[in-house]
Amino acid sequence: MQHGKRIRQLQRYRTIVTAIARNGLGYVSDGIGARDRLRFIRKPEQEEIQTKSVGERIRTLLEELGPTFVKLGQIASTRPDLIPANILVELERLQDHVPAFPYEEVTQIIEAELGDTIENLFLNFSITPIAAASIGQVHRATLRDGAEVVVKVQRPGIQKLVETDLNILADVAKLGEGAFEFAQHYRLIEIVEELSKAFRQEMDYTMEAHSAEKFIAYSKKLPYIFVPSVHWEYSTKRVMTTDYVNGVKLSDRQQLKRMGLDNKRLAERLATAIFHQVLVDGFFHGDPHPGNVMALPDGRLALIDFGMVGRLSPGTKKHFASLVIALRNQSSKGVIRAISYMGVIPDEVDQSKLYADVDEMREKYYQVPLNQISLGTAIGDLFMVANRHHIRIPSELTLLGKSLLTMEGVAVALDPEIKIFDIAEPFGKKLFVEQLDPREIWRGLLEEAPDYFKLISDIPVTLKQLSLVVRKGKLRMEVESPQLDTLMKKMDRISNQLSFSIVLLALSLVMVGLIVGAALNHSQTLFWGLPVIEIGFGVTLAMFIWLIYAIIRSGRF
């Protein structure tokens, strides 16, 4: 069994390396030593390939290698923080040029998964699929109770092919990081791991079915949104059955006109639904392109295909709202603060260059009317900046940027005069007000209280360990900074403020002693005829006010 798996992997490895060479990327296979390991690989050939950009070659390569690589490319196209812009443009053009697989194989998969013959399961089942993609294809059918449904069936052998390809990609990523500086620069291993995880989740149809159920529950708040029900008794990891949607794609303008539907209303409903999913539910459709959003005869919108969905935690929603507010206010500092909360900023990042790039992006939108600004494009630009400075943005946020950009494209095509910011603003304001709600603040403090108590309880143990290290003479501290003078000035200021605070505390204690002494003696405390307590109180109060002012002004309060 293991021997057969190894043979299959070597054969696939040969196919991949040959395709890499054929598409003018032979230096990759040379760098990872693949040419030395695998013989009979044809020399990188066609001169016309050399006229194509690297992005075009990668797109062509992925389409040639088939379903796994096409789907990985499509998932990668949602990560502008990981993929360079010139390659991202080509990945967005990837299409599923995959022929349908035979009806006989469809029958075999359904019967193996559902445990009965297709004749007993369905009243009728269309032989010709209504759609075919890289992972599976969709057939229309009628259940025994007369319900009209669609059945999504996974491609035969796709599981083995995907696992083989993902294992090979993991090996190539390790070899690549050892051979190429750019692979280390873009952290190729992490990219492959993240994309592979997303792909494996999309391969499990039960996860998509659970996502559909969540959308059904959340959409009850939006009467103009329809989500088809899942028929669980006809669904497994490789087969998913849902209600048939008799609707029209939003890209079919002529049919929408014939049905008498208002494009402006459809555009507004789509935008409102996506913003509600993002900023209220924290659970949104990751790919709302025209094929996945259909208009029903009664004017409602039907959402289908939940293989790619995004989730936002309450904290992430808050940070995203801060980002939108900073973009709206054109605040570079606010944008940098928001991405520092949302992403992982490397220690070696050049803060001045990062600020300059964000400021340059802000200038792009300076004094531009809000109704002319694309929120999705602005967030996409921001993720490009993050990529340039090696800032890792959570995948759910990059998927959110892709979702908003897709939604805006569909909405603007329906209604060129739509104002996306006007639709988003009420949701942003509501979320901002919720952040200031004392009940929410108190709830957040209660949730974080165990962490604070744990931190406090660990202080004695930590101090004891530190004292042992100091006593043994093993404490070493190294400070290396290109801005050491600035650091020392800050240290001096901190030490001065600390000394000032200690003096203020000492003076306060003296004043308390004088007050207590005067009270016990029932006399006024005078030195050289001066009211010391009153003067001391005035001096202490002035110092205290100055200290509070200095702390607030420093922005570290």
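The legends below describe close-up views of helices in a predicted model.

**View 1. Packing of helix H4 against helix H5.** Helix H4 spans residues 54-65 and helix H5 spans residues 67-76. From H4, the contact is made by Leu 62, Glu 63 and Leu 65; from H5, by Pro 67, Phe 69, Val 70 and Gly 73. By class, five of the residues in this contact are nonpolar, one is polar and one is charged.

**View 2. Helix H7 and its two sides.** The 12 residues of H7 (residues 103-114) should span 16 Å at 1.5 Å a residue, which agrees with the 16 Å between its end C-alpha atoms. Val 106, Thr 107, Ile 109, Ile 110 and Leu 114 are the buried residues of H7. They cover an arc of only 170 degrees around the axis, so they sit on the same side of H7. Exposed residues on the other side are Glu 104, Gln 108 and Ala 112.

**View 3. Surroundings of helix H7.** The buried residues of H7 pack against helix H8 (118-121) and against strands E1 (122-125), E3 (136-143), E4 (148-154) and E6 (239-243). Just after H7, Gly 115 has a positive phi of about 75 degrees.

**View 4. Helix H11 and its buried side.** Buried in H11 are Ile 191, Val 192, Leu 195, Ser 196, Phe 199, Glu 202 and Met 203. Their arc around the axis is only 125 degrees, which puts them on the same side of H11. Glu 193 and Lys 197 are exposed on the face turned away from the buried side.

Conventions:
Residues are numbered from 1 along each chain as its sequence is written. This is a predicted model: local features need pLDDT of at least 70, side-chain atom pairs count only at pLDDT 80 or more; totals for chains, interfaces and linings use all residues. Side-chain values use heavy atoms; hydrogens and water are left out. Axes are lines fitted to C-alpha atoms, for helices over the stretch in contact, and angles run from 0 to 180 degrees between N-to-C directions. Helices (H or I, at least four residues) and strands (E, at least two) are DSSP runs, numbered from the N terminus. Contact means heavy atoms within 4.5 Å. Ala, Val, Leu, Ile, Met, Phe, Trp, Tyr, Cys and Pro count as nonpolar, Asp, Glu, Lys and Arg as charged, and the others, Gly among them, as polar. Buried means under 20% relative accessible area, exposed over 50%, partly exposed in between (1.4 Å probe, protein chains only). The arc is that of the directions from the helix axis to the C-beta atoms. The expected span of a helix is 1.5 Å times one less than its number of residues.
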